[in-house]
Amino acid sequence: MTLPARLEPLALARDATRLALAVTGACAGLVLVGLFGQFSNRWLVVGLLDIGHALMLAIALRAGMVAARGQSWAGAVPRALLCGALAGVLVVLLVMAARVANLRWMLVSLTPVTLNRVGYMLPEQQAMLLLAAGGAAAALLGTALVLLPPKARRLLMGALLGVVLAGLLRELIRSLLSGLGEIDGWAFSYDGLLPAGAMAAAGIGALAAARPGARHFAALPSRARLALQLLCLALLLLLPAVTNDFVAQVMMLVCLYTLMGLGLNVELGLAGLVDLGFVAFFAVGAYTVALLTAETAGVAHLGFFAALPFSVLFAALAGFLFGLPVLRVRGDYLAIATLGLGEVIRVLVLSDMLKPLLGGAQGIVDIPKPALFGVILGSPTRLFYLTAAFAALAGYCAWRLQHSGIGRRWLAVREDEDVAQALGINLVQVKLMAYTIGAAFAGLAGGLFAAMAGSVFPQSFQLLVSVNVLAVLVVGGIGSLPGVVVGAAALIGAPEVLRDLGEHRYLIYGLVIIAIVRFKPEGLSPAAIRQREVA
Amino acid sequence: MSGLLPRLQDGWRRATWVDVFLVALRLLVLGIVGYGFVAGLLHPRYGRDEWASFLVFGLVIGAIYALIALGYTMVYGILRMVNFAHGDVFMFGAYAACFTLIACNRNGLLATQPALSFALALLACMLVAAGLAILAERIAYRPFRRGRAMAPLISTLGLSFVLEYSARGMFGAQNKAFPSFPAIDGAVLVFGLSIPRVQLIVMLAAVLTMLVLTLVVMRTRMGTAMRAVAEDQDAAILMGINVDRVIVFTFALGGALAGVAGLLYGLVFKQISFFMGFFLGVKGFGAAVLGGIGNIPGAMLGGFSLGLVESLGPALFLEGIGVAAPYQLRDAIAYTMLVMVLIFRPRGLLGERLAVKRA
């Protein structure tokens, strides 16, 4: 692009204004949906920056990155500075407008407190100056991230990520390091990360980003590398035992979703069947264990381990019966048909018709905890190891399935049904197999869920669960086994740790799903085949 | 001339066990419905007035389904993609109408000029919903126009969640009450039956909207272009039609209809919530499939049929079987019907019309 020199300032102002408007819109959205209000009284770094403003700065940083696209330093820096400063001013102007218009009867999140917090409770001119300076600085940082040489960029990125992670995960980190009493004094306080701790986190992050040992690690023989990786895994598995129940609970949930994700991965990732009624099989598994073990249900008083095979069996049977009629339905109709089936199951469970058996909205309570050789697996830590064991077993099964003959046939069907059929693959049989096996995994997860929750209610089996599992797959990378674990940790683990995200987590899920499908369709940990396809 | 018997024998020879299962499933469903129907007839529980009110209510809710289904069917007819966010476009339309009416109520306009406030609410809900539908196209469809089939499906699912939980954050988690105004209260006597006035107004508005839509699609240049793109996209490009603009227009039109549906829904049910969109959207899609996807009169027919089955079904089929509290199973009936249509007659009642021919 060679513009005449006198047009250059004009283009610069136009680009910066456009970006500033986008940033202002995004910040306004942040305030409107209540994310800002929720997080503006929590510190990222105590005394310096709260999470609400950190989100706004992140938006400005992103705008700075966009501004630097295709520009040199000389073009990017003024754009970024102008855009950040302008956005800061516009945000404060919007706040003033919102105060005058007083739209609280419509938009519940525009409380006076929240509006004041946007400008740090300062008078308007000062707030404007402060936000403009902050926005400009963040945008400049974003520009620097793009234009710096790779090594420096990685260090900067590592430092930033280190601070953000330490600030967000401070409860987890504090509980992990609670043994080391000293850390509480200088790095963390009750309110959050202290500035000194932030410095340390930035240093650790930069160090991790520099990856000093990477070359040595790559030079190691593959056997040694595997051993090191297994060692890391073992350390991770030891975590719940050496820390507290909270960590155990979060990791248990991650394992549970891994288990379900493995099931849906067989259906969606391998055979290419979009299933939005997945939760139905989860419910079948959970209700089977509940009915067979609970004292109050009065069907049979089996132990947990005697009932679990039945829940797998019944879920597989349900998958088989569901699959028979719907699997001839074409792609996106299948999504709707399975969604409809899942809802039919939920409505039936809730209804008075089946209340004598399934308890209606009251559900089934008093499900005994599993007992293994006389040891009652009651604590979260023990339940975690139980879930992890089953998840590992399921992972092994899924891995073997993927590389078996049926796995190859699934992949063939996913890639092109017509070609697969021409090669002599019985479509219905192969799809039905995938559907049944996926349902069996979900049934196993359901059985474990019933035992760990101690009770089952229809409310636990909403469409949200199906969508969560789908999101786990999309984020991790559809069709990739490690991806399932990565996705579950990112989507299920992270929000649990960021405690007061509350219902906003689904908003974030939606955004993450859209972003991943758009910008990284192969997922965070893509399957080997996908990697080859993309490359 | 081959007789019926040899044809049956031939069919039996070709049938796999899956076909046998499907036939058995069909017979089972027909048996249950037939048994419930006959048993219900033998022990009539409802009088003429009750049946009439079921019927009218079915037509009203059916009109709302039809308006939602039209958006699905037009988009699907052109792009062959399900828009999971369409239900949430409807929900936002309902909120826009609700807040317009509340604002009118606060300055007294609602009491003195009900027709004007109604028109304002109509305008607001159509604008908001059309805007959101265009946004959905921009975010979830345009990037994947030539891409994989699953990407738009998943990203509209994500968008649906974003819209739902944004609405929750913006407007609050509680149900929002529609302001009531005297102009729509009360009942009217039609053929000796007392029918709530609001239901008559809603029916009238829905039918008028559908008439306007038919005019737009059949008589305007843009409507002609829409039909051309739905018929054959490549040929439409060769004829000099700007397909991008037609697609945006289709989304906007579908969104506006969903917005009207939102307003009417609020008037009938008096309460709206951030969560209502998704499942009404699914039912709207069911209505579109029932009528034959891509087929505009089909979507109207499908909507009314779904509404009628949902409102008459429990009394007609389930009461006879002796199900406790059959009205709880209304949604189950609707979804079962949706699944049955998808399995046994994916072409729908009037047949589908799609841009891209099926392989």
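Is the crossing of α22(A) and α24(A) left-handed or right-handed? The crossing is left-handed. The model is predicted.

**Where chain B touches chain A**

- On chain B, 44 residues are in contact with 44 residues of chain A.
- Four elements of chain B each give two or more residues to this side: α2 (17–42), α7 (150–171), α12 (276–291) and α14 (330–344).
- The largest share comes from α7(B), with 16 residues.
- By class, the side of chain B that touches chain A has 35 nonpolar residues, 7 polar and 2 charged.

**Domains of chain A**

- Chain A is divided into domain 1, covering 1–147, and domain 2, covering 245–461.
- The C-alpha centres of these two domains of chain A lie 45 Å apart.

**A helix pair in chain A**

- Two packed helices are described by the angle between their axes and the distance between the axes.
- Helix α22 of chain A spans residues 463–476, and helix α24 of chain A spans residues 504–519.
- Their axes come within 9 Å. They cross at roughly 40°.
- From α22(A), the residues in this contact are Ala471(A), Val474(A) and Val475(A).
- They meet Tyr509(A), Val512(A), Ile513(A), Ile516(A) and Val517(A) in α24(A).
- The contact of α22(A) with α24(A) has 8 nonpolar residues. No polar and no charged residues take part in it.

Methods:
Residues numbered from 1 in each chain as written. Chains lettered and ligands numbered in written order. Predicted model: local features only at pLDDT ≥ 70, side-chain atom pairs only at ≥ 80, totals over all residues. Contact = placed C-beta atoms within 7 Å. Nonpolar A, V, L, I, M, F, W, Y, C, P; charged D, E, K, R; others polar. Domains from an automatic or database assignment. Axes fitted to C-alpha atoms, helices over the stretch in contact; angles between N-to-C directions. Left-handed = near helix turned anticlockwise from the far one by under 90°.
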